[in-house]
There are 2 protein chains.
Amino acid sequence: MQRYFITDEAIKGKFIIITGDDFHHITRVMRMKIGDQFYCCNTKQTFICQITMITNDIVKAEIKEEIIEQKELKVRVSIAQGIISREKMEEVIDHITELGASLYLPVIMNRCTAKLNEEKLDKKIIRMNKIAKEASEQSHRANLLKVENPLTFANFLALKSQYDLCLYAYEIIENTNSLKQILANKNLKSLLILVGPEGGISKEEANLLNQNGFLPVNLGPRILRTEVAPSYIMSVISSELEG
Amino acid sequence: MQRYFITDEAIKGKFIIITGDDFHHITRVMRMKIGDQFYCCNTKQTFICQITMITNDIVKAEIKEEIIEQKELKVRVSIAQGIISREKMEEVIDHITELGASLYLPVIMNRCTAKLNEEKLDKKIIRMNKIAKEASEQSHRANLLKVENPLTFANFLALKSQYDLCLYAYEIIENTNSLKQILANKNLKSLLILVGPEGGISKEEANLLNQNGFLPVNLGPRILRTEVAPSYIMSVISSELEG
């Protein structure tokens, strides 16, 4: 059954009013009629709704039932990544949203070759959040992944206090623990993981990470490109905590 | 250190002769000189080599040392997938190569909306194998992933006897085991997993899979698109067997 994300304002008593893109999708793409049903989610709840009225610009649907879903990871996972090209960033956001991440943080790092120009930055972040919204719907998630504005490395380090555990992916140190080992028998509520940009994490940055209580983690014996590493991380977290 | 894949024919006694694309990469892109070193891998071995001669069209390098690497998964994993668009197939091949898969099998299934036209099929498969070769090099793998020509569903089912375990990703059956549960305490040498095309696996196909001894596996509580599922599978296999 089709799923749509709605704002709290769209809920009017026991009805939901749908306009805009979702109105178009329901009436034109899915060609639904009065009596057809779909899921509606706001950030906290999921409802089964049934269409009671269709006009030229709104769909009105009655809430038939609230359903309890456990589609969300028990741990809130934030993926931070050295800035990569916009296309690759969008691919990563798409994949990690489906895989259950909560937050995506682009970080300005020494070896970033790509930049997110200040020009039109707001538009780019809005577009990335739209990609996250679509991927959330696709994967039937109840919550949306949020994409933040780029952070300086210093501001990124300062996030440490907000998380139960902070990690960074680093292949260079021998005998680093695997993600599976690190997650074993931990009852985490929140987790922050940094993946370097294409050029990797610099020695200086690794030192700062260590000094600030971030732990290195290895992602297996093969070298993963920066755009593949976040999918690996989210897949392993999902498997360890939900598998 | 840079890594190149060579054929057995390139090895002449204790020297390696490099021509073509790799010659260009060594001399023009990396601008290496006599005395510079790189890794060379054939399908079984990895060598450290040192350049002894550069002409207009060959690089001659001396084998200094053979190194033993464990970059390969202990289990040979074949990913089969209902045919999807060429672009998405190339993305999947790129990712699963980095994540350690051995074989990619496109399968003609009921709900495939994309086709691999017979026309220029050979060229497309050659291109996909080239993507796999580049991804192998990137991730420092010793073996190459191979991309096969499209299989009919009947021919795919007949592969069952060649593998220790055959699975298919299926969300529709309640209480299906997770990949982690299925892999636990198994000493597998080979594993075949089928992921449906965008439209999913049909009921009829699921019945045939069951009748032929394929087991359903669930990939977590969120619905993964077909192009994300293979990365999830390979990440979890890597984490379970190498983590």
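For my notes, helices (H or I, at least four residues) and strands (E, at least two) are DSSP runs, numbered from the N terminus. I am working with a predicted model, where local features need pLDDT of at least 70, side-chain atom pairs count only at pLDDT 80 or more, and totals for chains, interfaces and linings use all residues. Residues are numbered from 1 along each chain as its sequence is written, chains are lettered from A and ligands numbered from 1 in the order in which they are written, and side-chain values use heavy atoms, with hydrogens and water left out.

**Entry: positive phi in chain B**

I started with backbone angles. Most residues other than glycine have a negative phi. I found B:Asn185 with phi near 60 degrees, a positive value in a residue other than glycine. I placed B:Asn185 in the loop between helix 5 (179–183) and strand 11 (190–195) of chain B. Is B:Asn185 buried or exposed? My cut-offs are under 20% relative accessible area for buried, over 50% for exposed and in between for partly exposed (1.4 Å probe, protein chains only). B:Asn185 has 82% relative accessibility, so I put it down as exposed.

I also noted B:Arg31, whose phi is positive, near 50 degrees. B:Arg31 sits in the loop between helix 1 (20–29) and strand 4 (37–41) of chain B. I have B:Arg31 as exposed too, because its relative accessibility is 62%.

**Entry: chain A overall**

I counted 7 helices and 12 strands in chain A. The C-alpha trace of chain A spans about 60 × 45 × 30 Å along its principal axes. Of the 243 residues in chain A, 52% are buried. I then checked contacts (heavy atoms within 4.5 Å). In chain A, 74% of the contacts with a separation of 6 or more are between residues 24 or more positions apart.

**Entry: cores**

I use nonpolar core for a set of buried Ala, Val, Leu, Ile, Met, Phe, Trp, Tyr and Cys residues joined through side-chain atoms within 4.5 Å. Which residues have the most contacts inside the largest nonpolar core? I get A:Ile237, B:Phe156, B:Leu194 and B:Ile237, in a core of 103 residues. There is a second, separate core of 20 residues, which includes A:Leu151, A:Cys166, A:Tyr170 and A:Ala206. Not counting residues up to four places away in sequence, A:Ile237 touches A:Leu73, A:Val75, A:Val77, A:Leu179, A:Leu183, A:Leu191, A:Ile193 and A:Glu242.

**Entry: two helices in chain B**

I looked at helix 2 (residues 86–98) and helix 7 (residues 229–242) of chain B, whose axes come within 9 Å and cross at roughly 5 degrees. I take axes as lines fitted to C-alpha atoms, for helices over the stretch in contact, with angles from 0 to 180 degrees between N-to-C directions. That angle is why I call helix 2 of chain B roughly parallel to helix 7 of chain B (angles under 35 degrees count as roughly parallel). B:Val92, B:His95 and B:Ile96 of helix 2 meet B:Pro230, B:Ser231 and B:Met234 of helix 7.

Helix 7 of chain B also holds B:Glu240. The side chain of B:Glu240 makes a polar contact with the side chain of B:Lys180 at 3.3 Å. For a polar contact I need a pair of N or O atoms within 3.5 Å; within protein, one must be able to donate a hydrogen and the other to accept it, and residues adjacent in sequence count only if both atoms are side-chain atoms. Leaving aside neighbours within four places in sequence, B:Glu240 is in contact with A:Lys180, A:Ser239, A:Glu240, B:Lys180 and B:Leu183.

B:Gln81 lies in strand 7 (residues 76–82) of chain B. I list B:Gln81 as buried because its relative accessibility is 0%. Its contacts beyond four places in sequence include B:Val92, B:Tyr104, B:Leu194 and B:Pro230.

B:Ile125 is in helix 3 (residues 121–138) of chain B, and at 7% relative accessibility B:Ile125 counts as buried. Beyond four places in sequence, B:Ile125 touches B:Leu116, B:Val147, B:Glu148, B:Asn149 and B:Pro150.

Conventions:
Angles under 35 degrees count as roughly parallel, over 145 as roughly antiparallel, 65 to 115 as roughly perpendicular and the rest as oblique.
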